[in-house]
Amino acid sequence: MVQSPDLPSGMKFVDFQLTQYSSPAKDLIFFIYSSAAMNVINNYYEDLIQLYHHEFSNYLIKLGCNMDAFSLKNLKKEINLYGSSEFSHILMMLKFVCADGDCLPVLSNNNIEQLLEVNTGGQIYTDRVLH
């Protein structure tokens, strides 16, 4: 939110999938584990965290935001705090992210639970869950 080009009045991030006020660490964890290839996570996880922090910090600085609370150390603390609570969210959404369109059941309001019972994510989903 900007009142004038030189004076931001505040900032809000809105995730229209699940609207809630929370830490950006939750979205970062979700994005990394639902979107990045496993070899990228295994080899570059720390780099991804640092890159996110660097880019996000630069943007906040451009907006004139106070950066005291958004140190890399604090981001990592929040990742540790929220990581386990994001696990079930990631598992649920991976079924849809990894879904093979050829394996999806035909759905209606009468059998929506079938989608959650079937491994719609195929081998990619299985590999991620077992990793």
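How many aromatic pairs does the structure hold? The structure holds three aromatic pairs, where rings of Phe, Tyr and Trp (its six-membered ring) pair if their centres lie within 6.5 Å. This is a predicted model, in which local features need pLDDT of at least 70 and side-chain atom pairs count only at pLDDT 80 or more, while totals for chains, interfaces and linings use all residues. Residues are numbered from 1 along each chain as its sequence is written, and side-chain values use heavy atoms, with hydrogens and water left out.

**Overall fold**

- The protein has five helices and two strands, taken as DSSP runs numbered from the N terminus (helices H or I, at least four residues; strands E, at least two).
- Along the sequence, the elements come in the pattern β-β-α-α-α-α-α.
- Of the protein's 131 residues, 27% count as buried, meaning under 20% relative accessible area, with exposed over 50% and partly exposed in between (1.4 Å probe, protein chains only).
- Contact here means heavy atoms within 4.5 Å; among contacts between residues at least 6 apart in sequence, 54% join residues at least 24 apart.

**The nonpolar core**

- The largest nonpolar core has 19 residues, and L28, I49, F70, L75 and I79 are those with the most contacts inside it.
- Helices α1 (24-35), α2 (38-62) and α3 (72-97) each supply at least two residues of this core.
- Such a core is a set of buried Ala, Val, Leu, Ile, Met, Phe, Trp, Tyr and Cys residues joined through side-chain atoms within 4.5 Å.
- Setting aside neighbours within four places in sequence, I49 touches L28, I32, L72, L75, K76 and I79.

**Aromatic pairs**

- The rings of Y33 and Y45 have centres 6.0 Å apart and planes at 45 degrees, so this pair is tilted; planes under 30 degrees apart count as stacked, over 60 as edge-to-face and the rest as tilted.
- Because Y33 lies in helix α1 and Y45 in helix α2, the pair ties together parts that are 12 residues apart in sequence.
- Both ends of this pair are partly exposed: Y33 has a relative accessible area of 30%, and Y45 has 24%.
- F56 and F70 form an edge-to-face pair, 5.1 Å centre to centre with 75 degrees between the planes.
- This second pair links distant parts of the chain, with F56 in helix α2 and F70 in the loop between α2 and α3, 14 residues apart.
- F56 and F70 are both buried, and together with Y52 they form one aromatic cluster.

**The second largest pocket**

- About 290 Å³ of space lies in the second largest pocket, and of the 13 residues that line this pocket, I29, Y33, F87, I90 and R128 are the closest to its centre.
- On a 1 Å grid over the protein atoms alone, a pocket is an open set of points where a 1.4 Å probe fits, with protein on both sides within 12 Å along at least five of seven lines; lining residues have an atom within 4 Å of a point.
- Helices α1, α2, α3 and α5 (122-130) give two or more residues to the lining, and α3 gives the most, with six residues.
- By class, the lining has 10 nonpolar, two polar and one charged residues.

**A closer look at I90**

- I90 sits in helix α3 and counts as buried at 9% relative accessibility.
- The C-alpha atoms of I90 and I29 are separated by 8.8 Å, though the two residues are 61 residues apart along the chain.
- Leaving aside neighbours within four places in sequence, I90 is in contact with I29, F30 and Y33.

Terms used: Grid points are joined across faces, edges and corners, and a volume is the space filled by probe spheres set on the points. Ala, Val, Leu, Ile, Met, Phe, Trp, Tyr, Cys and Pro count as nonpolar, Asp, Glu, Lys and Arg as charged, and the others, Gly among them, as polar.
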